[in-house]
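I opened my notebook to look up the charged pairs in this model. Here are my entries, in the order I made them.

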Amino acid sequence: MIKQVIVLNVEVPFPLGRFSAMAAHASVGAVLEANHTDKEMFTKIVTKTWGEDALHKLQKKASRLGLPSKLVEDDGYVVALAIGPYHADVIDKVTKKLPLV
């Protein structure tokens, strides 16, 4: 199964609509980085974490595993990280313990 996990930094004081836009930016950026051309849809899961450091650590772990990712900043905050699309079992090594939004 192919999936993508989007992680939001819930410490950022943004309204839900702005978080949604940042999640979309991260998702599209990671898809472009992955050069994903398969027309099949893939599962998207939105999770949360607390703090910029947590997002940076997740991105480094994803990078070590060769996963495509996109970190999104807005108004001086690191807001969202998308990992994948990629095989679910590999992405789970990075994101499995994160709580859902």
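For burial I used relative accessible area: buried means under 20%, exposed over 50%, and partly exposed in between, with a 1.4 Å probe and protein chains only. The model is predicted, so I kept in mind that local features need pLDDT of at least 70, that side-chain atom pairs count only at pLDDT 80 or more, and that totals for chains, interfaces and linings use all residues. Residues are numbered from 1 along each chain as its sequence is written, and side-chain values use heavy atoms, with hydrogens and water left out.

Entry one: the count. I took a salt bridge to be a side-chain nitrogen of Lys or Arg within 4 Å of a carboxyl oxygen of Asp or Glu. With that rule I found three salt bridges.

Entry two: Asp92 and Lys3. Their side chains form a salt bridge, with N to O at 2.5 Å. Asp92 sits in helix α3 (residues 88-95) and Lys3 in strand β1 (residues 2-9), so this pair ties together parts that lie 89 residues apart in sequence. My helices (H or I, at least four residues) and strands (E, at least two) are DSSP runs, numbered from the N terminus. Are the two partners buried or exposed? Asp92 is partly exposed at 26% relative accessible area, while Lys3 is buried at 7%.

I looked up Asp74 and found a salt bridge to Arg18, the closest N and O atoms being 2.8 Å apart. Asp74 belongs to strand β3 (residues 69-74) and Arg18 to helix α1 (residues 16-34), so the pair ties together parts 56 residues apart in sequence. Arg18 is partly exposed, at 31% relative accessibility.

Arg18 also forms a salt bridge with Asp75, where the closest N and O atoms are 3.8 Å apart. That pair links distant parts of the chain, 57 residues apart. Asp75 is exposed, with a relative accessible area of 58%. Which residues do the shared partners join into one network? I noted Arg18, Asp74 and Asp75.
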